[in-house]
Amino acid sequence: MTPLDLPDIRHTLHKLAEPSGAEKNTRALILQILEKQQPSQVHLFPDSRNILAVFDTGRPGPTLLFRGDFDAVRVDETLNLPYASATPGVAHKCGHDGHATILLGLAEQLHQQPLECGRVLLFFQAAEETGQGAGELLHTGILDRYRPDCVFALHNIPGVELGTVVCRPGSFTCSVVSCDITLHGRASHAAEPQKALCPYPAAKAITDRLLALNRYDMTADDFQLATLVEFRVGEQAYGVTAGDGVVRFTLRSKEDARLQAMKREAETVTAEETAKMPGLASEITWKEYFAASRNDAGAVESVRSAAADCGLPYLDKPTPFSWGEDFGLLTQHYPGALFGLGSGTEQPSLHHPHFDFPDALLPIGVKVFYHIAQKASCHFFM
Ligand SMILES: [Zn+2]
């Protein structure tokens, strides 16, 4: 069989670029390539676009899961690439085209050089950016059946030397949640503002109190961020006094417990400031929750030793990344590790319009994953 052309696959995925939850053609293409690698089984799910492929040696041994996400982000493609995104306003600016390609490369390797024992689950994940795909897989109960001993995922890391493996025990990425705080007062004719109940004082007080929660020192235990995303009262109607408002924040911390405390604080602040204005109503909606990835010490050791076997530099990161990753949810349920793979010091940051996953990283990602699987299959978890 002709070997997979990994750069060509990534370029095709890049061009297809579909947003979270709408990855119809991306999934079809992945399935088409995956099936040629003859997995023992492929599971599809009616309520998501996730794919779970099983490579079972048929001999007893550990069950490992590897994840590769495949959704694109809502950013315009401004690079003049021959494989530029064909979807307006959506492009692979987080490198998930590369992550999915690496997982297909791993499928090929598992097909050509099967492990000694145990089985490998390949989780091609949809809807990572919206923090949905991992939860959707867990809710199907399929993992209760396979009970993975260890779960692994990688994310490319711009600003770090190409191919450097980055990891740490404990939190690797933060717990993150977003909220919409809506305020409903009363509008009036702009000529009679005294008859309105403008939500501005409450919106401002809520915003100021939440911004006061910021503790920027990532090395400190009390690190937490409350980031203002949008602040708006009223609308562009010059004859009307502002009657409604919305304040949007993202909250993040290194551990879930602190994030839960921040959520309670935001709810208290909203209730208190609303109560100061009789007649004002408020509502707080939580969305896009990402659990902190909790890296297991044994799994981190597997990553470190795979990096050494592959001759790759290893960086033990002193602090977690402040972004969230949906894979964190899996590490809350199973031992595992999320690790980084440097995508180059010149690479623009994730979600930047000029970001493009480096093709040179594709075989490196496959190699690291395969070494982790091979080593675990031989002895680590036995
Ligand atoms: Zn990403």
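Which residue is the bridge partner of H184 in β11? The partner is A281; the points below place this pair in its sheet.

1. The model is predicted: local features need pLDDT of at least 70, side-chain atom pairs count only at pLDDT 80 or more, and totals for chains, interfaces and linings use all residues. Residues are numbered from 1 along each chain as its sequence is written.

2. The protein chain holds 10 helices and 14 strands (DSSP runs numbered from the N terminus: H or I of at least four residues for helices, E of at least two for strands). Its radius of gyration, taken over C-alpha atoms, is 23 Å, close to the 21 Å of the globule rule (2.2 Å times the number of residues to the power 0.38) for 382 residues, so the chain is as compact as a globular protein of that length.

3. β9, β10, β8 and β11 form, in that order, an open antiparallel sheet of four strands (strands pair if DSSP finds at least two bridges between them). β9 (224-233) and β11 (281-290) are the edge strands; each has a single partner strand, so one side of each lacks a neighbour in the sheet. The average twist from one strand to the next is 15° (axes are lines fitted to C-alpha atoms, for helices over the stretch in contact; angles run from 0 to 180 degrees between N-to-C directions).

4. Eight bridges join β8 (residues 175-184) to β11 in the antiparallel sense.

5. Helix α6 (residues 200-211) lies across β8, β9 and β10 (244-253), at about 165° to β9. Helix α7 (residues 256-275) packs on the sheet, where it touches β8, β9, β10 and β11 (contact: C-beta atoms, placed from the backbone, within 7 Å); the direction of α7 makes about 160° with that of β10.

Notes. Two residues are in contact if their C-beta atoms, placed from the backbone, lie within 7 Å.
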